[in-house]
Amino acid sequence: WYLFANDGTTGAIILPTKVVLKFVDGDRGDDDLTVNGVVVEPGGPVVPDTDEDGLSDADEVNIYGTDPLDSDTDDDGLEDGAEVLSHATDPLDSDTDDDGLIDGLEVAAGVDPLDDDSDNDGITDGLDVDVVRGVVASLDNADFKARGHRKAIGARLDSIEKKISNGKYAVARRKLVRLRAHVTGCGTSPDRNDWVHACAAQSLVHALVDSMIDNVGGWGSAS
């Protein structure tokens, strides 16, 4: 249910012995919102959802504090309705679990946006090479430019993981930057340096590597 109070033109008027519902063709109470001489489904007035994110404008303003004109208020790659209704993430916080990965990336990568250490290995997801490794492992052979490129990415991730484990964050960052050159987020077509040729897959790997570069850089410049 939702509030259908009388606004002087449409709405419910509560009388001692009855309730009168006022509808206007093309206005509140007319589901097709079209002035055509017919009020569609009287008694079931339309709930406006201007940005079409699955949350009514009223709920966005009065309950969730989100922007009814922006389907992704916190710009994390998840629509507000998906955050509230499907993932239980915070539509006003791009990184609900504060692990260094935005909620949309975590969902796309198959990790938990409500758990900062999804695999319970003691490394937060934003610094965990296993997040990238899991996405790379899930790709089809046809997604890679050549047969050996999956293994090449894996070898580089293994090296990066060792540097992070040993506190060599500056070295790990340099290695991540070099890896990024082979997953540049190709848009509509890959370039000659790309090891992943399926652009949607490459864009996800690129975004995860970019996030790791930012997160590793935040741990100082130990060599």
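**Notebook: loops, a hairpin and helix contacts**

I looked up Asp75 and noted that, at 58% relative accessibility, this residue counts as exposed (exposed means over 50% relative accessible area, buried under 20%, and partly exposed in between, with a 1.4 Å probe and protein chains only). I placed Asp75 in the loop between α1 and α2; helices here are DSSP runs of H or I with at least four residues, strands are runs of E with at least two, and both are numbered from the N terminus. I read its phi as near 55°, a positive value in a residue other than glycine. I recalled that most residues other than glycine have a negative phi.

I recorded that this is a predicted model, in which local features need pLDDT of at least 70 and side-chain atom pairs count only at pLDDT 80 or more, while totals for chains, interfaces and linings use all residues. I also noted that residues are numbered from 1 along each chain as its sequence is written, and that side-chain values use heavy atoms, with hydrogens and water left out.

**Asp98 and helix α2**

I found Asp98 in the loop between α2 and α3. Its phi is positive and near 55°, and at 60% relative accessibility Asp98 counts as exposed. I then turned to α2 (residues 80-87), where the buried residues are Asp80, Gly81 and Glu83. What covers them includes α1 (57-64) and α3 (103-109). After α2 comes Ala88, with a positive phi near 60°.

I examined strand β1 (residues 11-14) and strand β2 (residues 19-22), which run antiparallel and are joined by 4 bridges; two strands pair if DSSP finds at least two bridges between them. A hairpin of 4 residues links β1 to β2. Opposite Ile13 I found Val20 in β2.

Is Thr10 buried or exposed? I found that Thr10 is buried, with a relative accessible area of 0%. Thr10 lies in the segment before β1. Leaving aside residues up to four places away in sequence, I listed Ala5, Lys22, Phe23, Val24, Asp27 and Arg28 as touching Thr10 (contact means heavy atoms within 4.5 Å).

**Helix α4 and its partners**

I looked up α4 (residues 129-138) and α5 (residues 149-165), whose axes come within 10 Å and cross at roughly 170°. Axes are lines fitted to C-alpha atoms, for helices over the stretch in contact, and angles run from 0 to 180 degrees between N-to-C directions. α4 and α5 are therefore roughly antiparallel (over 145 degrees; under 35 counts as roughly parallel, 65 to 115 as roughly perpendicular and the rest as oblique). Among the residues that meet are Val132 and Arg133 in α4 and Ile153 and Leu157 in α5. I noted 8 nonpolar, no polar and 5 charged residues in the contact of α4 with α5; Ala, Val, Leu, Ile, Met, Phe, Trp, Tyr, Cys and Pro count as nonpolar, Asp, Glu, Lys and Arg as charged, and the others, Gly among them, as polar.

What angle do the axes of α4 and α7 make where they cross? I read roughly 170°, with the axes coming within 10 Å. I noted Val129, Val131, Val132, Val135 and Val136 in α4 meeting Leu204, Val205, Leu208, Val209 and Met212 in α7. By class, the contact of α4 with α7 has 10 nonpolar, no polar and no charged residues.

**Helices α6 and α7**

I found that the axes of α6 (residues 169-180) and α7 (residues 199-217) come within 9 Å and cross at roughly 160°. The contact includes Tyr169 and Leu176 of α6 and His206 and Ile213 of α7. I counted 9 nonpolar, 2 polar and 3 charged residues in the contact of α6 with α7.
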